[in-house]
Amino acid sequence: MIERQHWARALLALVLAAALVIGLAPVTAWAIDEDTPVTLELPGAETAFDAADAATANELKSQAASTYATALERTGRTSFYGNCAGLVNQTLYILGINTYVVGLSGKDEYDFYEDMEKSSGGYAIETYSAADYTLLEALNKLTNNGTQTVYNVLVGFEKGSGEAGAKYGHTCFIHGIVGGTIYYYESYNGTFGGVYYPEGSVISCTISQFASHYGKWAEFEGIVHFSGGSTTASNTGHSGWVKEDGAWYYYDSNGTAHTGWLKSGSTWYYLNSSGVMQTGWVKSGSAWYYLSASGAMQTGWVKLGSTWYYLNSSGAMQTGWIKLGSTWYYLNASGAMQTGWVKLGSTWYYLNASGAMQTGWIKLGSTWYYLSASGAMVTGTQTIGSTTYTFADSGAWIG
């Protein structure tokens, strides 16, 4: 294995040298899973390293080259062109970050890890979402503006260029960021700073150059930082989350598929009797629960389409009257939050656009109504304060 890896790296170096000597024209690169060419205009890195950083950088380059060669050998491929996620998932497995090869597309990589506390290989997970950061901000936050060395960073993009890029997104893996310089490889060929980098060769660039390059053609989704790790990760057998035939399963350390409720990190999931992770509405016992597209059980207010539902702290969907803070809401038998006039028994109540039950005087159109402290609409003759009012059977104030 080691001899093959050294041979692969040597061959790669010869190809690069030959390209520089004979003056090959800059090559147009293709974003993985995409059908539209993307020209890489990333300038070469200019960061100087001190002795300690230079040694670490060399180690990262060696690790990246070895990992790429091993990924090709493991899969029997001659290239990962057109399969960015395949290269990243093989990388995570080879490095021991995962104990199995996850089956994902580029745009699903970030979503898969977002709610996890640890990878199956025991690495702590830290995420930075596009909801909170740009790509540049996320990398600067992670590295303390380039002053902190970090390793093992997955970058996920919701969309790339072209039809396939819009469908499958893109992903890449950063082996390390040292002295503000990123070391990583890509699943396509490209010219960086006038130098041709074949697929899988180690690219180095600054954080700002990296963010600028991908910002031109990819829609950032988030980054995942894997830190620490387990000394017992073996990269054999099924354990943790595994995707099989389009469905997600969770295997315990003995390789047994879990069923029923599962707490992974701080998140609850539900797997049916066949072990398949569920999404959407699930009835467990006498209660209904809602699981997001990632399988995570939801709590609190959830809006589905134009309808709001409320799930308590255990995830159970609520019905009937609920009081949150000082406000009452009414949810019908299907759990849908009600607004406007609602008749319960022989009593009418009015809930505003946010679902909050109203009390006191309210004006709807040109008509005034009065709702008691319990929210019940009044009719007939009523004394409010020290004044007597008359209300029609419809609740409208008539005098």
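I'll start with a helix pair in this predicted model. The axes of helix 5, residues 135-143, and helix 7, residues 207-215, come within 9 Å and cross at roughly 155 degrees. Angles over 145 degrees count as roughly antiparallel, so helix 5 is roughly antiparallel to helix 7. The crossing of these two helices is right-handed.

Which residues of helix 5 and helix 7 make the contact? From helix 5 they are Leu135, Leu136, Leu139, Asn140 and Thr143. Helix 7 contributes Ile207, Ser208, Phe210, Ala211 and Tyr214. Sorted by class, that contact of helix 5 with helix 7 has seven nonpolar residues and three polar ones, with no charged residues.

Next, the empty space. Rolling a probe the size of a water molecule over the atoms shows where such space is left. How many cavities of 30 Å³ or more does the structure hold? There is one. The largest cavity has a volume of about 40 Å³.

Its lining is made up of Cys84, Leu87, Val88, Thr171, Cys172, Phe173, Tyr185, Glu186 and Ser187. Two elements, helix 3 (84-94) and strand 5 (170-178), each supply at least two residues of that lining. By class, the lining of the largest cavity divides into six nonpolar residues, two polar and one charged.

About 270 Å³ of space lies in the second largest pocket. Its lining consists of 13 residues. Which of them lie nearest the centre of this pocket? Those are Asp111, Phe112, Trp248, Ala293 and Ser294. Helix 4 (109-114) and strand 11 (240-244) are the elements that give two or more residues to the lining of this pocket.

As for class, the lining of the second largest pocket has eight nonpolar residues, one polar and four charged. For anyone with the structure open, Asp111 and Trp248 are among the residues nearest the centre of that pocket.

Conventions:
Residues numbered from 1 in each chain as written. Predicted model: local features only at pLDDT ≥ 70, side-chain atom pairs only at ≥ 80, totals over all residues. Heavy atoms only, no water. Axes fitted to C-alpha atoms, helices over the stretch in contact; angles between N-to-C directions. Helix = DSSP H or I, 4+ residues; strand = E, 2+ residues; numbered from the N terminus. Parallel < 35°, antiparallel > 145°, perpendicular 65-115°, else oblique. Left-handed = near helix turned anticlockwise from the far one by under 90°. Contact = heavy atoms within 4.5 Å. Nonpolar A, V, L, I, M, F, W, Y, C, P; charged D, E, K, R; others polar. 1 Å grid on protein atoms, 1.4 Å probe; cavity = no way out; pocket = protein on both sides within 12 Å on 5 of 7 lines; lining within 4 Å. Points joined across faces, edges and corners; volume = space filled by probe spheres on them.
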